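Dear colleague,

I am handing over the structure we talked about, and I would be glad if you opened it and kept it on the screen while you read the rest of this message. My notes follow directly after it.

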4 protein chains.
Amino acid sequence: MKYSFKNDYSEGAHPRILETLLQSNLSQQNGYGLDEYSMNAEVIIKQKINNPKSKVYFVSGGTQANLIVISAFLRPHESVVSPATGHIFTNESGAIEATGHKVHSLETLEGKISSEDIQELIDVHQNKPHQVKQKLVYISNSTELGTIYSKKELMDLYQFCQESNLYLFVDGARLGHALTAETNDLTLEDFGKYTDAFYLGGTKNGALIGEAIIINNENLQEEFGFHLKQKGAMLAKGRLLGIQFQELLKDDLYFDLARHANQQAMRIKEAFQQADCNFLCETFTNQIFPILNQSQIDQLSANFDFYIWKKLNDEQSAIRIITSWATTEEVVTTFINEIKNLK
Amino acid sequence: MKYSFKNDYSEGAHPRILETLLQSNLSQQNGYGLDEYSMNAEVIIKQKINNPKSKVYFVSGGTQANLIVISAFLRPHESVVSPATGHIFTNESGAIEATGHKVHSLETLEGKISSEDIQELIDVHQNKPHQVKQKLVYISNSTELGTIYSKKELMDLYQFCQESNLYLFVDGARLGHALTAETNDLTLEDFGKYTDAFYLGGTKNGALIGEAIIINNENLQEEFGFHLKQKGAMLAKGRLLGIQFQELLKDDLYFDLARHANQQAMRIKEAFQQADCNFLCETFTNQIFPILNQSQIDQLSANFDFYIWKKLNDEQSAIRIITSWATTEEVVTTFINEIKNLK
Amino acid sequence: MKYSFKNDYSEGAHPRILETLLQSNLSQQNGYGLDEYSMNAEVIIKQKINNPKSKVYFVSGGTQANLIVISAFLRPHESVVSPATGHIFTNESGAIEATGHKVHSLETLEGKISSEDIQELIDVHQNKPHQVKQKLVYISNSTELGTIYSKKELMDLYQFCQESNLYLFVDGARLGHALTAETNDLTLEDFGKYTDAFYLGGTKNGALIGEAIIINNENLQEEFGFHLKQKGAMLAKGRLLGIQFQELLKDDLYFDLARHANQQAMRIKEAFQQADCNFLCETFTNQIFPILNQSQIDQLSANFDFYIWKKLNDEQSAIRIITSWATTEEVVTTFINEIKNLK
Amino acid sequence: MKYSFKNDYSEGAHPRILETLLQSNLSQQNGYGLDEYSMNAEVIIKQKINNPKSKVYFVSGGTQANLIVISAFLRPHESVVSPATGHIFTNESGAIEATGHKVHSLETLEGKISSEDIQELIDVHQNKPHQVKQKLVYISNSTELGTIYSKKELMDLYQFCQESNLYLFVDGARLGHALTAETNDLTLEDFGKYTDAFYLGGTKNGALIGEAIIINNENLQEEFGFHLKQKGAMLAKGRLLGIQFQELLKDDLYFDLARHANQQAMRIKEAFQQADCNFLCETFTNQIFPILNQSQIDQLSANFDFYIWKKLNDEQSAIRIITSWATTEEVVTTFINEIKNLK
């Protein structure tokens, strides 16, 4: 069978997580997120982001996190601004609209948006109340194109949102990979400080399932549990989520796993560079988008699986190679050898 | 007070409508659309569109018509395709999304879309079920820019929709103006034949309020009354809507009123042309968009009201002049004289 | 044709309203509720309720008023408490639930609820956040059974709501009839004082269409216009609503019409009493519910139309007789004569 | 620490499930339910219910299963009928209404409803389209009170639903316990035959998380995946759900675990009976509701945790004792000894 570089959720969980599940298995715990593990994981996360006023809620997946946060934060007439590449705009089957809210899209160069982009959108929506009211800005870090925001970019966005009466919400399904990229200058603390809310992805970084939603804006914390319940996200055995985040974050495991994924992606990136390939955009996280011609794609496809991300012209396409905590050095070495043989 | 060319709903109703309201006032009628007038108006409309299998429902306004039709036709995971200039996309405060459905927008040249535009959108939404399912195409005729569809364009769109398992729904808030434009080659019968549903606007063409929704696709007629009721659109005194449409359509009043509005707009258009003005787009209905510089705008604004539609550059803007059944020849003549004096 | 006592919206509008529509017809006005008539009607209403901080919004019908008010006031996890006979619970085709909110029902004796009833409901919903949060109390005055609240009852309910962090919203589709009942001790001012919001019904008291929503609670006024627009309730020719309420309320017409309806109902009630009939409940407004046996019903049905409201046993049913501003003294006299002949 | 009889989800997963998670951990699998384990689990379930035309979908919890099934099956104007004790009516924070649908409640004796109850409800909702349209009947087996449906009861309900154009949907969060109760005469095959859809609960019977939704009605299977995605229920690592159901159902583990739970509950029930206690209702599954006075409750509370389910009078309350696959014989023996000492 071919080795797959198609996504970063092909395997199960990091062994340490499975071990902790085994060890804790017969301890009786309260249900619905009131177990000791979840409460402990919340304490750890609040320490790591250095914001004692934040609150933490665990859910099972990214689409669920996005739709609950957004529908809980907004009143019926308020809308969301998202990059056109944003997961909520293109890949969640209308989940946000299904909760009643319009999602505006902004064209972007590399999956990122700026305050200027947002202001322009607001400027053409001045005919109130005939036009919907923009209220929440959604971004991802790392983005769907593997790019990351700099500290200045995040701070600028947050300041703009504060001044414009907008919430800033960051989809962190791959936040670990963003924070361990070699070009990154942001920290977890910055996300506790310069966002209204964000989430820390577990599924794509070593957990079986799970995303940790962190709400910094105290007004938005109020009665959030109702929304989790109403949207079917409050697991009876919430312990499953708490145990995993406790294990990932009690030391540096979370970041070690992400860094490992990035490093393997960077090794592959270097090999493509040495083979004189161009890229759809420059990335330093666990996703790379080399541009290949069809015969090169066929050659690599013989032993490896990956997505063709975007057809660029009759000859060339950008493919996506994505690595994870579970990608071994050995398989990457084998892949690199095949890249070296590309014609 | 200045005369207003700002919109086509500044006055009340055509006198014949008010007279009929007076005459019918004390007749006792069933409520909720089961009155004799509404039933009679339905018969007349079905004759005019020459489709005995169609059903007709009266509602009080355009946003209401759009949101009820769309939410009644779609299942939760289905979305709408609209021109970026479409009323539902830009000017209804998120009304469609509030019923749970995503609205995709297509960039257009003059407010119109083609099957090629739609196919392109569908092509980039192939990752089902992660991407929402396109199911209904929304267009307006005349469009928000005053342009109109030709018979060939409508037939092509309908054929494409039929082949692609899409519904075609036409917002006809200004359908009267479209059908009486000098360049028009469509008839009411064509709308009974080449659409799944459309509506015939009353508010902007002589009625106090009211739009007549016509559903041609028999599968979509089923239990439609529930949706009217549930969305608050079923008037206790539904007679108010029935009486007006009966009066507008029992002879050619509806089209006479629209034609009058168009003619006044064309007189003004000609005056601007003779003053060497350009236009945002070429129109033959009751909306025109001449491009003026600021001093010209100031000059005309002295005695007339209108919207500045779009700022084109530091000097020039397109304004919108809109006429209606109530616009008199005299006031247009006065306005034309002012145009002649433009510097 | 039989005369109908089936409902209070069988005829058109009071002649004074039609006259004012005629007179104002060609005045150019701003659209969407910004016309002079609507603004003037708001001023008049605020004077009548003696609450300068209230805001007034006009919509076309009762279901529309209910669904917009409730969905605008509540966050997604909040629910409504209603009498089991409440219009929103039984007769609006799930309109409130369609906006996402649960409606709890309370069994009642005569269509009215008390703070004790509500407290009992809250007591069995203490398992938060697994159980939904009660936030708004909906009542009607007069009720769907024609009964009315006393001043003490309204004040008690409002005080309880204030203490319990609940909103109190009154459906006033027939508020005119309630306030002019001979047993009434409430005033319009009381509704400006002891509710968070209420509406004043036009459709059932002389208007063609229209209900005036009055929001007293300033926090709930914020951005209410968006909700009107989003739900399709903002009429382009909002003047139609403003003119009618201006005419109804600039003097005592509104109350004169309601009083007339009540008086005719009371004449009929007295006739049934003299014929030794019982009633489903005792009412002093424009609805009465005499209990008849089948042969009596058949006898009255020969020349008059009315609803059989509730089958009580194999022989007897309560019927509903409802009068309006348009019910003439003459027709009532004729009806009374038939009642006198009942066997 | 006290031993808890508060619920059947206090522990983790059955050891065999954890072992299989370990063994399969590094196998690369497709995401979003297209993994080998999920596909295999579907095959096994379809064999067990003996309905090759059924389709199976795995989700993470019961509220999620309920809200997705119901919102996917219904059009906007359709409602749900539920026992007043139904989980969706009382304990899901308005989750069904949040998807736009009214839930009617039927008073019941022991958590169960019959076709007569439903017909009565339909009879008082005949004023269409003003009254919402009933379309889906929701029941639980075992019920929230631990009672179960007989084969005749289920068949009668299904036949009634078929004749009345209603869907029958069974919440099977504790279906294992129902099917292994000593008084049960239903089989899994019956649920594949006499329901439109049902689900098989994993969370309360040995899994970490997970419910298997089985849709028998082929019309309702269409495009169901979109609803899973849109509601945030489609796990990237769907393998987690597939592996667990494969393990539970590949032999009789699922039923062995449920039977064990029932047996422990029956041992406790017998002890209460011998202590001359009455019960809120008679049950043969893993929930019992003995009626105790306050001093007895205090006595048992010293070493054991349980819920006080219902206060019956000043002295007596029904408590709920619930057992699970993880309840040991030893702890039950200890508890029984304490019951024997009750005064």
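Which side chain meets that of Lys269(D) in a salt bridge? Before the reply, please keep in mind that this is a predicted model, and that every distance and accessibility below was computed from it.

The partner is Glu282(D), and the N to O distance of the salt bridge is 3.9 Å. The pair links distant parts of the chain, since Lys269(D) sits in helix α13 of chain D while Glu282(D) belongs to the loop between α13 and β9 (287–288) of chain D, 13 residues apart. Lys269(D) counts as buried, because its relative accessibility is 6%.

Chain C has a salt bridge between Lys269(C) and Glu282(C), whose side chains meet at 3.9 Å, N to O. Here Lys269(C) is in helix α13 (residues 253–274) of chain C and Glu282(C) is in the loop between α13 and β9 (287–288) of chain C, so that the pair, 13 residues apart, links distant parts of the chain. With a relative accessibility of 7%, Lys269(C) counts as buried.

Over all chains, the structure holds 60 salt bridges. One of them joins the side chains of Lys250(C) and Glu247(C) at 3.3 Å, N to O; in this pair Lys250(C) is partly exposed, with a relative accessible area of 49%, whereas Glu247(C) counts as buried at 5% relative accessibility. In chain A, a network of salt bridges links Arg16(A), Glu247(A), Lys250(A) and Asp251(A).

A polar atom of the Lys237(C) side chain does, however, lie 2.9 Å from the backbone oxygen of Thr203(B). Leaving out residues up to four places away in sequence, Lys237(C) touches Tyr9(B), Glu11(B), Gly12(B), Thr203(B), Ala207(B), Leu208(B) and Trp325(B).

Two other buried residues are worth a look. Asn141(C) has its place in the loop between β5 (133–140) and α7 (151–163) of chain C, and at 1% relative accessibility it counts as buried. The side chain of Asn141(C) reaches the backbone nitrogen of Tyr149(C) at 3.0 Å, and its contacts beyond four places in sequence include Val170(C), Asp171(C), Leu186(C) and Phe191(C).

Phe224(D), in helix α11 (residues 224–230) of chain D, is buried with a relative accessible area of 1%. Although Phe224(D) and Tyr57(D) are 167 residues apart in sequence, their C-alpha atoms are 8.7 Å apart in space, and the residues that Phe224(D) touches include Tyr57(D), Ile68(D), Val69(D), Phe73(D) and Ile213(D).

In helix α6 (residues 115–123) of chain B, the buried residues are Ser115(B), Ile118(B), Leu121(B) and Ile122(B). They lie on the same side of α6(B), because they cover an arc of only 120° around the axis. An α-helix has 3.6 residues a turn, so residues three or four places apart point the same way. On the other side of α6(B), Glu116(B) and Glu120(B) are exposed, while the elements covering the buried residues include β3 (78–83), β4 (103–106), β5 (133–140) and α7 (151–163) of chain B.

In helix α14 (residues 294–301) of chain D, the buried residues are Gln296(D), Ile297(D) and Leu300(D). Their arc around the axis is only 100°, which puts them on the same side of α14(D). The elements against which they pack include α13 (253–274), β10 (291–293), β12 (307–311) and α15 (329–340) of chain D.

Finally, the domain assignment of chain A gives domain 1 (15–253) and domain 2 (259–340). The contact between them takes 18 residues from domain 1 of chain A and 17 residues from domain 2 of chain A, and the C-alpha centres of these domains lie 28 Å apart.

How values were computed. Residues numbered from 1 in each chain as written. Chains lettered and ligands numbered in written order. Predicted model: local features only at pLDDT ≥ 70, side-chain atom pairs only at ≥ 80, totals over all residues. Heavy atoms only, no water. Polar contact = N/O pair within 3.5 Å; in protein donor to acceptor, adjacent residues only side chain to side chain. Contact = heavy atoms within 4.5 Å. Buried < 20%, exposed > 50% of the residue type's maximum accessible area, 1.4 Å probe, protein only. Helix = DSSP H or I, 4+ residues; strand = E, 2+ residues; numbered from the N terminus. Arc of directions from axis to C-beta. Domains from an automatic or database assignment. Salt bridge = Lys/Arg side-chain N within 4 Å of Asp/Glu carboxyl O.
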